[in-house]
Amino acid sequence: MSPSTAIGLAIALPLLGAVGIQLTGSRPNLREAVTIITSLLTFAVVLTLYPVVTGLAPHNRPELELLTVLPGVALAFQVEPLGMLYALVAAGLWIPTGLYAIGYCRGHDEQNQTRFFTCFALAIFAALGIAFARNLFTLFLFYEILTLSTYPLVTHYGNDDAKAAGRTYLGILLTTSVLFLLMAILWTWNLTGTMEFKLGGILAGKAEGPVVAALLALYAFGTGKAALMPFHRWLPAAMVAPTPVSALLHAVAIVKAGVFTVLKIIVYVFGIDLLGRSGASDWLMWAAAFTLLSSSVIALSKDNLKARLAYSTISQLSYIVLGGALATAAGILGGGLHIAMHAMGKITLFFCAGAIFVASHKKNISDMDGIGRAMPFTMGAFFLGSMSIIGLPPMGGSWSKWYLAMGAADGNNAIFIAVLMISSLLSIGYLMPVVGRAFLFPPKVSEHSHGEHGHGEHGHSEHGHGEHGHGPISAWLARIFPGFHEAPLLCVAPLCVTAIGCILLFFYAEDIYNLLLPITQSAPAVTVER
Amino acid sequence: MTEHLPVLQVALPLVAAPLCVLLRNRHAARGLAVLVSWLALAIACTLLSQVQDVGVISYKLGGWAPPLGIEYRIDLLNAYVLVLVASIGAVVFPFGFGTPEQGLREGQQHLYYAALLLCLCGLLGITITGDAFNVFVFLEIASLSSYTLISLGRSRRALTAGFSYLILGSIGGTFILLGIGMLYMMTGSLNIADMAEQLPLVSGTRTVWMAFAFMVIGTSIKLAVFPLHQWLPNAYSYAPGVVSAFLSATATKVSYYVLARIIFTLFGAAFVFETMGLQRLLMPLSVLAMFLGSAAAIYQRDLKRLLAYSSIAQIGYMTLGLSFANVSGLTGGIAHLFNHALMKGGLFLVVAGIVYRIGSSKIEDMRGIGRSMPLTLAAFVIGGLSLIGVPGTVGFISKWYLVLAALEAGSMLIAFMILASSLLAVVYVWRVVEVLYFPAEQDPSSELKDPPWSMLIPSFLLIGATIWFGLQTDLTAGVAGDAARMLLEVAE
């Protein structure tokens, strides 16, 4: 298989999967098999591209041009390191998320599961389209497909809350993308006459001074999926959706599409040189710093676990934007690494939140006292995921923070090292209490029984049975751990895998580092050597 | 044979219309109308490819040489509009084949097809002719038949809607005739190309200025340029579904063509934009139309009315493109003429299918019907996304050129306004999508299902075309760009 075919196949597979899911909708087992097989195949195809990217020189990357939409504007794809990383994250995490979603939807008897899995596959299709986009038009096209294909997922329950959340979701994402991002793209086209991504940027020599800063503002705020304040409201609003959707939003595809777009535009449209030289991104550093600190503080105040994790995501996304805005090699590397690290950590945390909800119907942290005894695997994974988000070794998250701090030091922006450290302290403050309560506090007896018998009062959307999937393994475990009450195996297994993934990323970070290194070659020399 | 195609383009529907009346049978009349519309499309496509190959075609009617005789003069611009009008006819006429025509009295249906054919004939005639007085004649044929068609709507208010269109349309037609008369006085010719040659000699006279004002305002009434749009919402919302689809996709588009012809071919861009300063009037009015039309659409309770107000906003985009008087803007305007016809025609057909099933076009009666009519919902969503201008749809292509035109003209503000007004489209489109998509409190009757295939196929042809031409723009933006360069006399 030639690399060009592989690009086409990687993007087409999830689309075909969506069609297959729709066609097999009446037979759930077959439908689920389609999801699993498609996700495995997609990941395999994406993996075949990895050696191509690391092996070839930048000017010799595989491409696939489908058609010319307007003179000079083509629907075309190309594999480059940053996109490769995002494609690996999206396709790789689709597998555990798909499994988890199957377990979650069955454990919960969700309605409209066919629509759910169809839209899920469509979202992955759009994510891979973004990852491999060769120019701004293709990126924008798939960016909007991603927004629209996730709308039915966010509004899955179809009640008034979901409708309101859907309005916020579409409202913010479409407004920012149409008003700012499209404007920025057209302005770039007007200035340069091209939309193709080019290492070192296309704006150098075509735009100077305030125009660069204004364009950067349009791009940064136009990418609403990066959730830079004040355009972050859609992310907490989307919390009404089922937990697998939150995992998709926060880890697999959507927010990562946002920060990926920001990094990609900084590297391939502006060029690190231009930004570093002109200082046009100074304001963006402060905007990102503000977002990452204030959303950490907001996260501290949230008792609802998913809401707390949502604000944590907003904060972590700004790490990546900050890494791009620093416009130093280490900053870009740190931002890129953080895409992978945060994805793995946050998906673990959301899987855990969903597993807790499926097993005990608890949403609020204050109700989770002592839950670690009933759910040792889930809460153990939560602990590992939290460590990665905070940035403690031996978790993957420690590397990305390390390089971000280095990036700040390189660019004489040492104050942002302090910002990063304060934010890490704050994340300890909002994540560790959950683990502490779960393992160290005694269970609240009355709350516990409420959790087991109070299913009826949770509205139609939240019906479910914690008893699902309790086979011989859990019976055996229950004998070892008294009071053992885990979520179904299909929920717990994926979250254990991703938690182990957080540790593995610590040891394999060098591969990602080497993958990304070529994109920084136009930047000032990399002073950080490992 | 092929050298007579220009006259056949107009003569076929003109002859078929009285045949329909004579046939006195609705099935035969319908079959004839569909057949003629398909033949008209074939002729139009042939003409376009001929023009692309050999350049301007001049056909002398009855062998009388212009400027005395009537000349049919086909260049890239009107060949393109002919293809548009004919394809809309070819898709819309078979809509609902096999189902009873709604709201028509028994024994009158064949007259309805005669009127449709006459309307098609008039619209094609306006487009193809190179003679100013001929434009007026065909304009009246198209207008009179469309007054009839509108008043055939089921509600009694269709009669008043048709009547007020008759009044305003006649004023518009009269203004155009007055303008033509004055120009005839000054130039002694009715042939547009001939007039255009002589006008520069007399362009300083007050008579020519008056003629210009009369002709532009008259055309603007027919085109429903804000604030001369009063007739449009009622006409489109009370007319029968197919008629709304046909007129919204063709009548205003042909008027736009006439306006472009008057400005660029007859008077010339220099006179219009430098001497008369039309852009100083047209640009603010277009921007107002974009915002007020969309804002009004947000508050409509009737889906057809909502689409009608959206049309006013979309016409604003087209006239805005014209008022830039640069290649990008004119390309955007002319491309949007085609693109808007596809999406609005498609959407009106989708609504006609909904009305066929639930018997109402009120938005509140449509709660949750997307569950039992999934294909209808899908078609509406795609058409709506096209109105918004999401990439991958035709709306994006138009917006692309219009924003570029604004940037080239150095107006960042207008560029932002174009994008901001498309956000209003998000509001009015998504308001309907929410109603269709989310389940109703009480389930709609379970018998509800998608309209028959004879309705779905035409709807999907137009809706599918909004995606096809959103990615494949050789025919739309490509030809529009060539036509724009031709009108502005700019070399490629």
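This is a predicted model: local features need pLDDT of at least 70, side-chain atom pairs count only at pLDDT 80 or more; totals for chains, interfaces and linings use all residues.
Residues are numbered from 1 along each chain as its sequence is written, with chains lettered from A and ligands numbered from 1 in the order in which they are written.

So, helix 1 of chain B, residues 5-23. Helices here are DSSP runs of H or I, at least four residues, and strands are runs of E, at least two, numbered from the N terminus. There's a kink of about 30° at B:Ala11, shortly before the proline B:Pro13; that bend is the angle between axes fitted to the seven residues ending there and the seven starting there. Its buried residues include B:Val10, B:Leu14 and B:Cys20, buried meaning 20 or more other C-beta atoms within 10 Å of a residue's own, with C-beta atoms placed from the backbone. Just after the helix, B:Arg24 has a positive phi of about 55°.

Over to chain A. Strand 1 (63-70) and strand 2 (73-78) pair antiparallel over six bridges; pairing takes at least two DSSP bridges. A:Glu65 partners A:Ala76, and in the turn A:Gly72 has a positive phi of about 85°.

Finally, where do the chains meet? 23 residues of chain B are in contact with 19 of chain A, contact being C-beta atoms, placed from the backbone, within 7 Å. On the chain B side, helix 18 gives the largest share, nine residues.

Conventions: The expected span of a helix is 1.5 Å times one less than its number of residues. A residue is buried if 20 or more other C-beta atoms lie within 10 Å of its own, exposed if 12 or fewer, and partly exposed in between; C-beta atoms are placed from the backbone. Two residues are in contact if their C-beta atoms, placed from the backbone, lie within 7 Å.
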